[in-house]
Amino acid sequence: MADQALPVGLGEIKISNSPGDVLVAYGLGSCVGVGMYDPVARVAGMLHAVLPQSLNGTEQVPGKFVTTGVPKLIEEMEKAGALRSRLQVRMAGGANMLTAPGAKQAFNIGERNVMQARTTLDTLRMRLQAEDVGGTVGRTVRLFVADGRMTVKALGSQEKALA
């Protein structure tokens, strides 16, 4: 039986405990994909965060922002039977997609997303097990529900495991 790809779109959070599912965030540029897996409950979840934080705090889509998306992902994982203490956390994305002179500092949303994700995870006392972040190319990240494997494929390179 072939694996079933479940796309995780911009600002979305997806959870699965079906071993045939693969959570996939396609073409992460400045966005960050945060994957979590409970190896005992065999529950996987992924967040596809677009921005570091909400400007006014009234956003109705918690997955759009790192600051609201990470806690929501943990909450949804727990609802599906995962234990927070067992969660394996990995992250990919956060590229600097604007490479024009002078654009780097003012608009580097990717770097800000990565920094915010690290800060938020630290605040929640969640250890980041592995990451593949930064650079200037987009990535596709896959989280396999069957075994918790997370792979990253950067544009123009081979897919690799994110241990």
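Predicted model: local features only at pLDDT ≥ 70, side-chain atom pairs only at ≥ 80, totals over all residues.
A residue counts as buried when under 20% of its relative accessible area is left open.

As for the overall build, the protein chain has three helices and ten strands, and walking along the sequence gives the order β-β-β-β-β-α-β-α-α-β-β-β-β. The radius of gyration is 15 Å, close to the 15 Å from the globule rule for 163 residues, so the protein chain is as compact as a globular protein of that length. Its C-alpha trace spans about 45 × 35 × 25 Å along the principal axes. Of the contacts between residues at least 6 apart in sequence, 64% link residues at least 24 apart. Turning to charge, the mean positions of the 18 positive and 14 negative charges sit 3 Å apart.

Strand β9 (residues 150-154) is worth a look. Four of its five residues are buried, so β9 is largely enclosed by the rest of the structure. Strand β8 (residues 139-144) pairs with β9 in the antiparallel sense, over five bridges. Strand β10 (residues 160-161) also runs antiparallel to β9, joined to it by two bridges. Thr151 in β9 stands opposite Arg142, and Thr151 also stands opposite Ala161 in β10.

Then there are the hairpins. Five residues lie between β8 and β9, and in that hairpin Gly148 takes a positive phi near 80°. The hairpin of β9 and β10 likewise has five residues between its strands, with Gly156 taking a positive phi near 80°.

Note on methods:
Residues numbered from 1 in each chain as written. Heavy atoms only, no water. Rg over C-alpha atoms; globule rule 2.2 N^0.38 Å. Contact = heavy atoms within 4.5 Å. Lys, Arg positive; Asp, Glu negative; His and termini not counted. Charge placed at Lys NZ, Arg CZ, Asp CG, Glu CD. Buried < 20%, exposed > 50% of the residue type's maximum accessible area, 1.4 Å probe, protein only. Pairing = 2+ DSSP bridges.
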